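Hi everyone, thanks for coming.

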Amino acid sequence: MPWKLVTEFTFDSAHVIVGYDGPCGRLHGHTYRVKMELESSTLRSSECVDRAIMVADFKTLKWAKKDIDAGGLDHAYLNDLLGDDTTAEVIAQYLYRETLRRIKQSLSENDLGDDLKLKVSIWETADSYCEYWE
Ligand SMILES: [Zn+2]
C-alpha cells in the first residue's frame with residue numbers, strides 16, 4: 001500500500017465494565033488515546049475537495065474526538081452506546097467498524113473502498129492499549 005494516513009487524538013469518557021469484580025466494575029472515566037492508521041492503494045476526492053488527492057480527510061478519522069452531542073465519543077457514557085461490555089477490546093472494534101462505515105459512506109457511488117485497510121489502537125491508560133483490525 002503506497003499511502004498510509006496516521007492520526008492520533010484523545011477523548012474523555014465514562015464507563016463501567018458490568019460484572020467486573022474490581023475497580024473497573026465501578027463508574028469511572030478515562031482519557032482514551034486513539035491512533036487510526038488507514039492504508040490505501042488509491043487517492044480519492046473528499047467532501048471538501050473535488051480532486052483525487054487524499055486517502056481520506058483526517059477529520060473523518062477523528063470523528064470520535066467530537067462531543068457525544070455532535071456525533072463523537074467525547075464526554076460520553078460508553079455503556080449507553082455499547083452496553084455492559086466496554087473493555088478496550090470492544091471499544092476498539094466499535095471504533096474500527098464505525099470509522100470504516102463513515103469513510104465508506106463518504107465515497108462515491110461506484111467506489112466500494114475495497115483497497116482501504118484500517119487499524120485502530122486505543123490506550124485506556126498510558127501504558128496499556130489494544131489494537132484492532134480485520
Ligand atoms: Zn475503565
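One term before we start: when I say two residues are in contact, or touch, I mean heavy atoms within 4.5 Å. This is a predicted model, so local features need pLDDT of at least 70, side-chain atom pairs count only at pLDDT 80 or more, and totals for chains, interfaces and linings use all residues. Residues are numbered from 1 along each chain as its sequence is written, and side-chain values use heavy atoms, with hydrogens and water left out.

Okay, let's take L118. Ignoring neighbours within four places in sequence, L118 is in contact with M36, E37, L38, L61, Y96, T99, L100, Y132 and W133. L118 also turns up among the residues with the most contacts inside the largest nonpolar core, alongside V34, M36, L38, L95 and I122. That core has 29 residues. By nonpolar core I mean buried Ala, Val, Leu, Ile, Met, Phe, Trp, Tyr and Cys residues joined through side-chain atoms within 4.5 Å; buried is under 20% relative accessible area, exposed over 50%, partly exposed in between, with a 1.4 Å probe and protein chains only. The elements giving two or more residues to this core are β1, β2, α3 (88-105), β4 (117-125) and β5 (128-132). Those are DSSP runs numbered from the N terminus: helices are H or I, at least four residues, and strands are E, at least two. Which element gives the largest share of the core? That's α3, with seven residues.

Now the sheet. It's open, with five strands in the order β3-β1-β2-β4-β5 and mixed pairing; strands pair if DSSP finds at least two bridges between them. The edge strands, pairing on one side only, are β3 (76-77) and β5. β1 and β3 run parallel, joined by two bridges.

On to the metal. Which residues are the protein donors of the zinc ion? They're H15, H28 and H30, each through NE2, lying 2.0 Å from it. Donors here are N, O and S atoms within 2.8 Å of the metal (3.2 Å for Na, K and Ca), and water is not among the atoms, so sites may look incomplete. H15 sits in strand β1 (residues 3-15) and H30 in strand β2 (residues 28-40), so this pair ties together parts 15 residues apart in sequence. H15 counts as buried, at 1% relative accessibility, and so does H30, at 14%.

Last stop: N79, in helix α2 (residues 78-82). N79 touches H15, V16, V18, D84 and T86, leaving out residues up to four places away in sequence. N79 is buried too, at 9% relative accessibility.
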